[in-house]
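Please look over the model below before reading my notes. The points follow in numbered order.

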Amino acid sequence: MAVLDSLKWRYATKKYDPTRKVAQEHVDKIVEAARLAPTSSGLQQFRVIVITDPEIKKQIVPIASGQEIVADASHLLVFAAWDKYTAERIDGVYDYTTDVRELPKGRFAAYTDRLKNAYLNQSDEENFVHTARQAYIGLGLAIAQAAELQVDTTPMEGFNNAQLDELLDLPAKGLKSVLLLPLGYRDNDNDWLVSMKKVRIPKEEFVIEYK
Ligand SMILES: Cc1cc2nc3c(=O)[nH]c(=O)nc-3n(C[C@H](O)[C@H](O)[C@H](O)COP(=O)(O)O)c2cc1C
């Protein structure tokens, strides 16, 4: 489907058919779209955790205010971002970049010094706001790729981040959860939202032009 048709087709699915599984090939493409997301300074400050274990999905239901979609969905993606910036993390990405591009190590030293100077002088909390923003870009692209494949998704912020971090042992990975994205197939007969019109403010209101 063309991008706009896919975006019109998709909606934040409220009830998944628990019997239908998303093919691995499609999950791979959805995750790849998130991996290809642009990020601030190219630091790729977020990771995607793919959960299919039914026990873990069930344990996440109460953490997500009882939203059963996380258990019924075929796959549950967790977007998690760096809990903080460190010099090692910044250098790690740029050392990898110079390797991949076959450039001399340190080619971007002046730039990484600027990044370290900006980020390492801020609190971890301030920096997590920035790393978490990058996860939203990945989320958007993953949703669009899923829609193109006619895979349903539900972007979700409605969960207890600290409890999920503990369950998934994210502090040990230097990560904090930002968003959930269940993947699956809509249950046409039982989803109250499936046949409702998509609501968006008119273009004239949405777009502000300076000509
Ligand atoms: C960042 C974000 C968080 C959201 N959190 C939830 C959530 O926790 N539970 C839920 O059912 N829908 C959630 N939604 C879905 C929105 O309510 C939905 O996208 C919005 O009403 C627009 O409708 P549409 O996506 O069906 O077009 C979230 C959406 C976004 C973008």
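1. Which residues form a nonpolar patch on the surface? Val3, Leu4 and Leu7 do, with about 290 Å² of accessible area together. Patches are made of residues with over 30% relative accessible area and no salt bridge; like charges are joined within 9 Å, nonpolar side chains (Val, Leu, Ile, Met, Phe, Trp, Tyr) within 5 Å. Areas follow the Shrake-Rupley method with a 1.4 Å probe, and for residues only the protein chains shown count as cover.

2. A word on provenance: this is a predicted model, where local features need pLDDT of at least 70, side-chain atom pairs count only at pLDDT 80 or more, and totals for chains, interfaces and linings use all residues. Residues are numbered from 1 along each chain as its sequence is written, and side-chain values use heavy atoms, with hydrogens and water left out.

3. Leucine 7 sits in helix H1 (residues 3-9). Helices (H or I, at least four residues) and strands (E, at least two) are DSSP runs, numbered from the N terminus. The relative accessible area of leucine 7 is 33%, so the residue is partly exposed. Buried means under 20% relative accessible area, exposed over 50%, and partly exposed in between (1.4 Å probe, protein chains only).

4. The largest nonpolar core has 28 residues; Leu43, Ile60, Val70, Leu164 and Leu180 touch the most other members. Two or more residues each come from helices H3 (54-63), H4 (69-72), H5 (87-100) and H6 (109-119), and from strands E2 (75-82) and E4 (175-184). E2 gives the most, with four residues. This core lies between domain 1 (3-82 + 127-191) and domain 2 (86-119), because both give residues to it. A nonpolar core is a set of buried Ala, Val, Leu, Ile, Met, Phe, Trp, Tyr and Cys residues joined through side-chain atoms within 4.5 Å. Domain bounds come from an automatic or database domain assignment.

5. What does leucine 180 touch, not counting residues up to four places away in sequence? Its contacts (heavy atoms within 4.5 Å) include Ile60, Val70, Leu76, Leu139, Phe159 and Leu164. A second, separate core holds 23 residues, among them Phe128, Leu149, Val151 and Leu183. In soluble globular proteins, nonpolar side chains tend to be buried together.

6. Is threonine 112 buried or exposed? It is buried, at 5% relative accessibility. Threonine 112 belongs to helix H6. Beyond residues up to four places away in sequence, threonine 112 touches Ile90, Asp91 and Tyr94.

7. Asp91 also takes part in a salt bridge, with lysine 116 (2.9 Å, N to O). This pair links distant parts of the chain: lysine 116 is in helix H6 and aspartate 91 in helix H5, 25 residues apart. Lysine 116 is buried at 17% relative accessibility, while aspartate 91 is partly exposed at 26%. A salt bridge here is a side-chain nitrogen of Lys or Arg within 4 Å of a carboxyl oxygen of Asp or Glu. The whole structure has seven.

8. Another of these pairs joins aspartate 152 to arginine 186, with the closest N and O atoms 2.8 Å apart. Aspartate 152 is in strand E3 (residues 152-153); arginine 186 is in the loop between E4 and helix H9 (203-206), 34 residues apart. Both aspartate 152 and arginine 186 are buried.

9. Arginine 35 is exposed at 52% relative accessibility, whereas glutamate 32 is partly exposed at 30%.
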